[in-house]
Amino acid sequence: MGILGLSKLIADVAPFALKEMEMKNFFGRKVAIDASMCLYQFLIAVRSEGAQLTSVDGEPTSHLMGTFYRSIRLLENGIKPVYVFDGKPPEMKSGELVKRAEKRNEAQKALDKATEAGDAAEMDKFNRRLVKVTRDHCEEAKQLLKLMGIPYVEAPCEAEAQCAALVKAGKVYATATEDMDALTFGSTILLRHLTFSEARKMPIQEYYHDRVLKGLELNEDEFVDLCILLGCDYCESIKGIGPKKAIELVTKYRSIEKILENIDQKKFIVPENWNYEQARALFKNPEIANPEEIELKWTEPDEEGLVKFLCGDRQFNEQRVRSGAQKLMKCRSTGTQGRLDSFFKVLPSTTPNQKRKSIADVKKESAKKLKGGAKGSRKPK
């Protein structure tokens with residue numbers, strides 16, 4: 001899930017914390033990729049592009065197709081990917097996992113009805129909701145990455161937390177995921193859309209953690225509390241508090257404890273036994289492997305091993321696999337130029353044309369919304 005509404009809040013209040021870039025802008029960079037998020041994208045997106053593959057047993061291989069070809073694309077653009085896999089979920093996430101299971105059950109019932117009615121659009125819609133990344137998907141992806149010569153890391157707990165730790169330790173440049181909680185875990189740079197299909201023509205969004213804090217006028221602790229108020233995977237949020245109200249309250253009171261002392265709890269319903277303190281602790285001190293002890297090595301691809309793994313039962317085209325292996329070899333042998341900013345300090349460019357909403361503006365909008373607002377004041381959806 002990530003953090004609900006955070007990307008929109010940043011776009012409104014701190015647009016200078018976000019840049020839209022092309023993939024070529026990241027040449028020479030090492031990037032930690034949230035593997036489970038990636039595999040989920042591939043299982044859905046590859047099918048929607050009409051290129052779904054299955055093994056002879058009917059098992060989907062889209063996650064392998066996506067990992068193979070998108071990783072090659074990254075390497076050809078001079079990016080060195082390292083995939084980070086989730087470990088065991090924290091106990092506090094169990095409630096969120098139960099909710100997801102319930103939603104899948106509801107989607108299955110809706111899919112059965114759509115199938116009975118022969119509604120193709122609804123069938124596709126609910127099929128997507130039933131997609132789940134399994135342990136087998138992850139193990140197959142690890143095997144493939146090893147054959148490709150691309151490193152991967154097995155996190156003891158949350159992949160986003162491990163990615164953030166690698167970034168903060170200077171092992172990689174950024175975390176690549178769609179979940180905004182990578183920023184909550186302290187990743188200095190977050191990249192979204194990096195592993196999207198080229199056909200979607202989506203620019204890569206680059207978020208800067210320090211600029212987010214500056215734009216929201218918060219310190220690190222206050223930002224974590226804001227993310228908990230917005231809604232995260234570890235605990236429920238307070239009913240009636242949306243993104244605008246959340247930033248207003250955090251800016252005014254500076255901590256969840258002070259907010260709870262000052263809000264009308266009849267109007268804003270606080271969950272019973274709300275475990276926000278444990279959620280805060282998970283964000284600030286997550287369970288991670290020591291990044292200093294992690295060695296990232298990109299090695300020679302195993303062409304014959306790739307052919308054996310992907311062709312045959314998994315039904316990949318041998319010629320295309322060998323072509324991909326040759327591209328991997330070429331990327332390995334040519335390497336990449338050193339980046340200019342590895343020799344000189346590059347000053348960030350200013351963007352005066354971007355209009356930033358002040359915290360005061362957000363407060364005014366929040367107050368208007370609470371009063372019902374003036375007629376015609378809302379923007380059309």
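**Notes on the predicted model**

1. Buried residues make up 48% of the 381 residues in the protein chain; here buried means under 20% relative accessible area, exposed over 50%, and partly exposed in between, with a 1.4 Å probe and protein chains only. Please keep in mind that this is a predicted model, in which local features need pLDDT of at least 70 and side-chain atom pairs count only at pLDDT 80 or more, while totals for chains, interfaces and linings use all residues. Residues are numbered from 1 along each chain as its sequence is written, and side-chain values use heavy atoms, with hydrogens and water left out.

2. On the overall fold, the protein chain has 16 helices and 7 strands. These are DSSP runs numbered from the N terminus (helices are H or I, at least four residues; strands are E, at least two). Among contacts (heavy atoms within 4.5 Å) between residues at least 6 apart in sequence, 73% join residues at least 24 apart.

3. Let's start with helix H3, residues 62-76, where Ser-71 has its place. Ser-71 is buried, with a relative accessible area of 0%. Leaving aside residues up to four places away in sequence, Ser-71 touches Gly-66, Tyr-83, Met-148 and Ile-150.

4. Now the salt bridges. A salt bridge is a side-chain nitrogen of Lys or Arg within 4 Å of a carboxyl oxygen of Asp or Glu, and by this rule the count comes to 18. One of them pairs Arg-73 with Glu-198, the closest N and O atoms being 3.8 Å apart. Arg-73 lies in helix H3 and Glu-198 in the loop between strand S6 (189-192) and strand S7 (204-208), so this pair ties together parts that are 125 residues apart in sequence. Glu-198 counts as exposed, at 57% relative accessibility.

5. Is the next pair, Glu-178 and Arg-192, buried or exposed? Both Glu-178 and Arg-192 are buried. They form a salt bridge whose closest N and O atoms are 4.0 Å apart. Since Glu-178 sits in the loop between strand S5 (174-176) and helix H8 (181-184) and Arg-192 in strand S6, the pair ties together parts that are 14 residues apart in sequence.

6. A further salt bridge joins Asp-221 and Lys-284, with the closest N and O atoms 3.0 Å apart. This pair links distant parts of the chain, Asp-221 being in helix H10 (residues 220-230) and Lys-284 in helix H13 (residues 276-284), 63 residues apart. Asp-221 is partly exposed, with a relative accessible area of 42%, and Lys-284 is partly exposed as well, at 41%.

7. Which residues of H13 are buried? They are Tyr-276, Ala-279, Arg-280, Leu-282 and Phe-283. These residues cover an arc of only 160 degrees around the axis, which puts them on the same side of H13; the arc is that of the directions from the helix axis to the C-beta atoms. The buried residues of H13 pack against H8, H10 and helix H12 (256-262).

8. The loop between H12 and H13 holds Pro-271. At 13% relative accessibility, Pro-271 counts as buried. Pro-271 touches Glu-236, Ser-237 and Ile-238, again not counting residues up to four places away in sequence. The C-alpha atoms of Pro-271 and Glu-236 are separated by 6.7 Å, although the two residues are 35 apart along the chain.

9. Helix H9 (residues 209-216) has 6 of its 8 residues buried, so it is largely enclosed by the rest of the structure. The buried residues of H9 are His-209, Arg-211, Val-212, Leu-213, Gly-215 and Leu-216. Glu-217 follows H9 and has a positive phi, near 60 degrees.

10. Finally, have a look at helix H14 (residues 303-310) and helix H15 (residues 318-334), which pack at an angle of about 145 degrees with their axes 9 Å apart. The axes are lines fitted to C-alpha atoms, for helices over the stretch in contact, and angles run from 0 to 180 degrees between N-to-C directions. From H14, the contact is made by Glu-303, Glu-304, Leu-306, Val-307 and Leu-310, and from H15 by Glu-318, Val-321, Arg-322, Ala-325, Gln-326 and Leu-328. Salt bridges that share partners join Glu-303, Glu-304, Glu-318 and Arg-322 into one network.
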